[in-house]
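Please look at the structure below before reading these notes.

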Amino acid sequence: MFIASLYNLKGGVGKTASCVNFAYMAAKDGYKVLLWDLDPQGAASYYYNVQPGVKWSIKKIIGNELSLEEAIMNTSYENIDIIPADISARKLDMLLEENNGSKKYLKHLLKKLEHYDFVFIDCSPGFSLLADNVFYASDAVLMPVIPTTLSVRTYEIVKSYFEEKGMLDKMMCFFTMVDVRKNMHNDVMQELFKDKRFFEYYIPNLSDIEKMGIHHAPVESFAPNSYATTCYRALWREIKEGVLE
Ligand SMILES: Nc1ncnc2c1ncn2[C@@H]1O[C@H](COP(=O)(O)OP(=O)(O)O)[C@@H](O)[C@H]1O
Ligand SMILES: [Mg+2]
């Protein structure tokens, strides 16, 4: 089992879009995939048209009233299951705090799901006890970065945090919503590529990716021959080869 989380301190950078597309592509490659939507906004669950069952909540999972396996739901796609977000996820940090403030609880829960090849976790932004749990559980923390000067600052903050925790090896970044016509985007990419923490392939700003919200689906499923699919495919291949080598 390989656990990859989509994380950034910032919101609106393409975490969910990337999580949904990578999960879909890994499943199409034949891997058994689980997507865990840990953002209470539930956007990844929305893209996969899945809502949590009435009887369960993340609160019950943390409180040991429900097992993680019981929270898993099917999607309409082969090889992808999902743990959808429910509204109690907004209190997850507090629930973890009450649970001895452990940073290892998520990792402990995920141990029971060894039969999956890939687990993708869609995170909410920010530093928190939940984020620490995700970092600890993840084999790779995939961070989408929009190449603007403000993002460079965020990138440096996250990098320092991972360095401090001795987890810098897990931090792997890629550029999203790139507009190559913008000098700033080109300059920032050139600068950050020097850091060797970024994948070479990147995701441009493309309307087909925005249309995922209209189709409630990963981009490859409704636009298999689009440039957006080509870009996500190339990046996913690079990530897969990078993490599984
Ligand atoms: N490569 C892209 N090109 C164009 N729009 C994108 C791209 N990636 C994401 N978006 C759009 O940007 C918004 C934020 O993306 P999202 O994946 O939800 O970010 P996050 O999960 O980091 O908050 C959404 O409306 C999404 O449709
Ligand atoms: Mg999101």
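1. A pocket, on a 1 Å grid over the protein atoms alone, is an open set of points where a 1.4 Å probe fits, with protein on both sides within 12 Å along at least five of seven lines. A molecule sits in a pocket if more than half of its atoms lie within 2 Å of its grid points. Ligand 1 sits in the largest pocket.

2. This is a predicted model, in which local features need pLDDT of at least 70, side-chain atom pairs count only at pLDDT 80 or more, and totals for chains, interfaces and linings use all residues. Residues are numbered from 1 along each chain as written, chains are lettered from A and ligands numbered from 1 in written order, and side-chain values use heavy atoms, without hydrogens or water.

3. Ligand 1 is surrounded by 15 residues (a heavy atom within 4 Å). The closest are Gly12, Lys15, Thr16, Ala17 and Pro204. Helix 1 (15–28; helices are DSSP runs of H or I, at least four residues) gives the largest share of this shell, 3 residues.

4. A nitrogen atom of ligand 1 lies 2.9 Å from a backbone N or O atom of Leu206.

5. There are 19 aromatic pairs (ring centres of Phe, Tyr or the six-membered ring of Trp within 6.5 Å). Tyr7 and Phe135 have ring centres 4.8 Å apart and planes at 85°, so this pair is edge-to-face (over 60 degrees).

Technical notes
A polar contact is a pair of N or O atoms within 3.5 Å; within protein, one must be able to donate a hydrogen and the other to accept it, and residues adjacent in sequence count only if both atoms are side-chain atoms. On a 1 Å grid over the protein atoms alone, a cavity is a set of points where a 1.4 Å probe fits but cannot get out, and a pocket is an open set with protein on both sides within 12 Å along at least five of seven lines; lining residues have an atom within 4 Å of a point. Helices (H or I, at least four residues) and strands (E, at least two) are DSSP runs, numbered from the N terminus. Rings of Phe, Tyr and Trp (its six-membered ring) pair if their centres lie within 6.5 Å; planes under 30 degrees apart count as stacked, over 60 as edge-to-face and the rest as tilted.
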